[in-house]
Amino acid sequence: MNTITINTDRKFSATVVPNLFIDRYMPSANGAYVKVYLYLLRCLSGSGDAFSLSSAADAIDETEKDIMRALAYWEKCNVLFLSRSGDTISGITLLELNHDTAETTEPVHPAGTLISLEKHRRDLQASLEKEPTETYVRPVYTDSELEKIREQSDLSFVLNAVELYLERLLTPQDINLVAYLQEGLHFSSDLILHLYEYCISKNKKKCEYIEKVAISWHKEGIDSVEKAQEHSLSYDACFNAVNKGFSLGRLPIGPERDYVKKWNSYHFSPDIIEEACNRTILNIGKPDFKYADRILEHWHSAGVTSLSDIRALDAAREKQPKNDASSKSPVPMTKSAGSYTAYPQRQYTGKELSDLEKKLLQQM
C-alpha cells in the first residue's frame, strides 16, 4: 500500500493535541469525552471565552451532565485534575501526559503527589448516589484485562461475530464496548449479537448508539433475546403509531420518549394509540403528548382493549344526559392564549367527522 503524505499551505492558528492522547486515550474513549478534552485544549489556546459547564455544553452540543461525566472520566484516567470547593468544581488542570501515568489508574495531583484512592472512591460513590445514571460508566479495559476476559468467556467468538456484522475491523473502542456488555451489563453472547443485529437493522453502527440501546435494555430488565425481541416489536409498533398519528417525521425526544414508553406499557394495539393521537389533533389542532396521555389513561382505566371498546364508550357517553358529569370528556378543558374562558371540547361522531372532511375537501 502506498504511503499518503498530508500537507497544507494554509496559515492558521492551531490547538495542539498530545500524540499520546491520540495513541493511548482517544481510541477507547467515548466520543463525547473526546470532544470535551479537545474543547479544553481549545480554551487553553486562547479562545477568550470564560469556561463554565453551560458554555462548554453549548459550544460542543452536549448536556452539562455529559460534561461532568467527561471530566470525571478524564480525571480517573489521569488526563486532568479537578480542584473542588465543596461539591463545586473550582478549577481544571490538564496534566502532562506520559507513559507512566497512562498505565496507572490512581488519580495524580498536579504537584506529583497521589490523591487518596479511598477519598476518590468516596467522592465517586457520593456522585453515584446523587445521579443514578452515573452507574453506567463504561470502564476502559487494559490489554491484560481483555486477555483475562477472553480466557474466561467466549469473548473472542463474540468479537469475531460482531466484526462480521459491522463489516469492518474492530477498533479498540468496539472491543472495549463488547467486553463491557459482557462483563459490566452481564449480557449473554446471544443477547449481544441480537443487540448488534437490532442496531445495524436501523443503520446505526456507532458505539455510542449501541451502548445507549444496551443501557436502555438493562434498565428495562431485558436479559434475553426473547425479551429484547418482544420489547423491540412492541416499542417500534407504539412509536410508529405515534409518528403516524402526530405526523412527527422524527424520533421522539426527551419527555416524549417517556410518554411512548408509558403507552407501550399499557399494551394497547397500535390502532388505539393512533386513534388517541388523531383525536388530539382534532381537538386542539396540534400534536400534544400530554393531551393524548390523558385520553389513553382514561381508556386504560376503562379497560379498553380495542377500537370497538372505544366506540362503545363514545356511544355510552352520547346517551347520557348533557349535565351528567360522567358524560364529559376525560380530557381536561384547555384554555388557549387570549381566550376569556375555557370550553369543553366537542366529541365528534364518525358520521360528523366524515361530513366535516367532505366539506373541507370541497373548499380546497
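Predicted model: local features only at pLDDT ≥ 70, side-chain atom pairs only at ≥ 80, totals over all residues.

Trainee: At what angle do α8 and α10 pack?

Mentor: The general idea is that two packed helices are described by the angle between their axes and the distance between the axes. Here, α8 (residues 155-166) and α10 (residues 189-201) pack at about 10°, and their axes are 10 Å apart. Since angles under 35 degrees count as roughly parallel, α8 is roughly parallel to α10.

Trainee: Now the aromatics: how many aromatic pairs does the structure hold?

Mentor: There are 13 aromatic pairs. A pair of aromatic rings is described by the distance of the centres and the angle of the planes. Take Y33 and Y73: their ring centres are 4.7 Å apart and their planes lie at 35°, so the pair is tilted. This pair links distant parts of the chain, with Y33 in helix α2 and Y73 in helix α4, 40 residues apart.

Trainee: Is Y73 buried or exposed?

Mentor: Y73 is buried, at a relative accessible area of 7%, and Y33 counts as buried too, at 11%. Both belong to one aromatic cluster, together with F21, Y25, Y37 and W74.

Trainee: And which side chain does R317 make a polar contact with?

Mentor: R317, in helix α16, contacts the side chain of D314 through its own side chain, at 2.8 Å. With a relative accessible area of 14%, R317 is buried.

Methods
Residues numbered from 1 in each chain as written. Heavy atoms only, no water. Axes fitted to C-alpha atoms, helices over the stretch in contact; angles between N-to-C directions. Helix = DSSP H or I, 4+ residues; strand = E, 2+ residues; numbered from the N terminus. Parallel < 35°, antiparallel > 145°, perpendicular 65-115°, else oblique. Buried < 20%, exposed > 50% of the residue type's maximum accessible area, 1.4 Å probe, protein only. Polar contact = N/O pair within 3.5 Å; in protein donor to acceptor, adjacent residues only side chain to side chain. Phe/Tyr/Trp six-rings, centres within 6.5 Å; stacked < 30°, edge-to-face > 60°.
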